[in-house]
Amino acid sequence: MISQPETDTAFDPDADRLREECGVFGIYGHADAAALTALGLHALQHRGQEATGIVSFDGKRFHSERRLGLVGDAFSEASVIDKLKGKQAIGHVRYSTTGETILRNVQPLFAELHGGGFAVAHNGNLTNGLTLRRNLVRDGAIYQSTSDTEVLLHLVARSRKQNFVDRFIEAIRQIEGAYAFVSITNKKLIGARDPLGIRPLVLGELDGCPILASETCALDIIGAKFVREIENGEVVIISDSGIESHKPFPPAAERPCIFEYIYFARPDSIVKGRSIYERRKAMGAVLAQESPAEADVVVPVPDSGVPAALGYAQASGIPFELGIIRNHYVGRTFIEPTQKVRELGVKLKHSANRSVVEGKRVVLVDDSIVRGTTSFKIVKMMREAGAREVHFRISSPPITHPDYYGIDTPDREKLLAATHSLEEMRQFVGADSLAFISVDGLYRAMGHERRDPTRPQFTDHCFTGDYPTSLTDVIGESAKQQISLLAEAG
């Protein structure tokens with residue numbers, strides 16, 4: 001007997017989604033640096049909605065504005081942008097995967113070092129961050145945040161190298177995991193990408209001024225030109241002298257995160273020359289070939305399931321319809337004291353389009369199943385709207401392992417696919433049939449013949465358990481440690 005999902009998180013459908021990572025942006029030498037950074041962060045808002053910040057430098061002083069909430073709320077007023085003076089700036093949008101959502105964890109983080117100020121923003125997660133933190137604290141370091149990003153500040157500060165670039169490189173050689181860093185000093189804008197290129201970072205140009213950003217959509221919003229991707233393991237130094245490239249790591253095959261293509265990147269972004277929108281449609285098409293269904297209509301779970309549903313519909317010849325309408329004007333919903341009201345919570349963000357699904361055999365397409373609680377509610381919603389059959393199709397393989405590289409996933413025992421068979425999952429969500437794209441099918445949608453098990457083309461551990469780096473904090477003593485927290489009055 002498969003038990004039904006708990007309803008205590010019904011008020012927040014997003015609690016059962018893969019949570020966004022973070023987004024970074026930086027620009028050098030432009031008179032409107034802060035304003036352009038704010039616009040770039042707007043385009044990256046999908047990568048994190050909990051907090052945002054900008055640090056600028058005007059040739060003499062650094063200026064910082066960091067706030068909880070959305071970019072539009074933090075940087076919509078001209079008076080705020082006017083305070084962020086200077087021709088170079090970096091910015092960050094945050095969803096916390098390490099550290100609480102409190103103001104002292106909001107990036108960019110800043111430190112006054114020997115030789116001047118240093119600000120850094122980070123997308124990703126350091127898998128030895130707690131271990132390094134423990135060693136640094138033991139040696140006398142004083143931490144101001146619980147973010148793993150602060151490790152970089154301390155490592156740079158403790159380096160005895162004379163040149164700042166050498167100090168920065170010495171610091172990143174000590175860290176493990178996934179990262180895309182953007183940093184500014186009083187003379188430079190610095191970008192760095194982890195040795196496997198797990199987290200994305202691109203180089204652009206506007207009015208002759210270099211730009212670093214997590215995705216190309218941040219370049220598009222300000223009319224900037226895409227130049228190239230920062231290579232895996234590359235450090236770029238941008239200054240008045242131009243752009244320098246450093247390769248401080250041994251050569252390695254790139255393994256970008258496959259979830260950028262499945263879920264995280266904005267559909268209009270281009271990653272490694274691949275249109276995210278077209279790749280997601282291709283995933284849907286492969287899914288239709290692998291797992292066809294006799295149905296009357298293909299319905300996406302909005303918004304992330306839309307491209308894959310389009311691909312499924314086009315490949316299968318089944319009409320595509322918007323059978324679920326999403327309300328985009330709902331923020332975080334509140335907890336009501338009664339279960340009856342809590343159970344209505346999912347309808348605040350998703351409601352069935354009865355005229356489309358009533359009496360129909362529905363193929364419901366989504367990009368992933370995590371805990372399965374929201375999937376259960378959406379299938380139930382389809383049935384209550386009169387759907388005759390509901391065939392659930394997922395455009396990613398089953399998620400069986402947690403992520404440690406910047407995606408907030410539950411522990412393995414809370415991942416539905418890690419604890420249930422396919423048939424048990426089908427019963428859990430209440431669908432007439434359930435199917436996922438295969439791992440090799442996903443790779444075909446990405447333009448490869450199949451997954452190469454000896455040299456995988458992507459970081460895909462959530463589906464395969466094949467983690468591409470050491471997981472020092474997970475298996476070491478640091479996994480048992482707690483970081484002390486100082487509660488801050490709101």
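Cys-22 touches Arg-47, His-92, Val-93, Arg-94, Tyr-95, His-122, Asn-123 and Ser-214, leaving out residues up to four places away in sequence. This is a predicted model, and its protein chain holds 19 helices and 21 strands. Of the 490 residues in the chain, 58% are buried.

**The annotated cysteine**

- UniProt lists Cys-22 under "active site", and the record is an unreviewed entry. Since that annotation may be inferred rather than shown by experiment, please read the label with that in mind.
- Cys-22 is found in strand 1, which covers residues 22–28.
- Is Cys-22 buried or exposed? Its relative accessible area is 7%, and because the cut-off for buried is under 20%, Cys-22 counts as buried.

**The chain as a whole**

- Helix 1 (residues 33–43) has 8 of its 11 residues buried, so the rest of the structure largely encloses it.
- The buried residues of helix 1 are Ala-33, Ala-34, Leu-36, Thr-37, Ala-38, Gly-40, Leu-41 and Ala-43.

**A hairpin and its aromatic pair**

- Strand 2 (residues 51–57) and strand 3 (residues 62–68) pair in the antiparallel sense, with 7 bridges between them. Within this pairing, Thr-52 stands opposite Arg-67 in strand 3.
- Strand 2 and strand 3 form a hairpin, with 4 residues between them. In the turn, Gly-59 has a positive phi of about 100°.
- What is the geometry of the aromatic pair that Phe-57 and Phe-62 form? Among the 11 aromatic pairs of the structure, this one is tilted, at 4.5 Å centre to centre and 40° between the planes.
- Phe-57 and Phe-62 are both buried.

- Tyr-261 and Phe-458 form an edge-to-face pair, with 5.6 Å between the centres and 75° between the planes. The pair links distant parts of the chain: Tyr-261 belongs to helix 8 (residues 258–264), while Phe-458 lies in the loop between helix 17 (439–445) and helix 18 (461–464), 197 residues apart.
- Tyr-261 and Phe-458 are both buried.
- Which residues do ring pairs link into a cluster? They are Phe-259, Tyr-263, Phe-264 and Phe-463.
- A charge also meets a ring: the charged end of Arg-133 sits over the ring of Tyr-143, 4.1 Å from the ring centre.

- An open sheet of 6 strands runs in the order 5-6-7-8-12-13, and its pairing is antiparallel. Strand 5 (109–113) and strand 13 (242–246) are the edge strands, each pairing on one side only.
- On average, neighbouring strands of this sheet are turned by 20° against each other, with direction ignored.
- How many bridges join strand 12 (residues 235–239) to strand 13? There are 5 bridges, and these two strands run antiparallel. Ile-237 stands opposite Glu-244 in strand 13.
- Helix 5 (residues 150–158) lies across strand 5, strand 6 (116–126) and strand 7 (177–184). Helix 5 runs at about 10° to strand 5.

**Two residues to look up in the model**

- Val-165 is found in helix 6 (residues 164–172). Its relative accessibility is 7%, so Val-165 counts as buried.
- Leaving out residues up to four places away in sequence, Val-165 touches Lys-188, Ile-237 and His-246.
- Val-165 and Ile-190 are 25 residues apart along the chain, and their C-alpha atoms are separated by 8.8 Å.
- Leu-310 is found in helix 10 (residues 306–316). Neighbours within four places aside, Leu-310 is in contact with Tyr-277, Lys-281 and Phe-320.
- Leu-310 and Val-298 are 12 residues apart in sequence, with 8.1 Å between them in space, C-alpha to C-alpha.

Methods
Residues numbered from 1 in each chain as written. Predicted model: local features only at pLDDT ≥ 70, side-chain atom pairs only at ≥ 80, totals over all residues. Heavy atoms only, no water. Phe/Tyr/Trp six-rings, centres within 6.5 Å; stacked < 30°, edge-to-face > 60°. Buried < 20%, exposed > 50% of the residue type's maximum accessible area, 1.4 Å probe, protein only. Lys NZ or Arg CZ within 6 Å of the ring centre and 35° of its normal. Pairing = 2+ DSSP bridges. Axes fitted to C-alpha atoms, helices over the stretch in contact; angles between N-to-C directions. Contact = heavy atoms within 4.5 Å.
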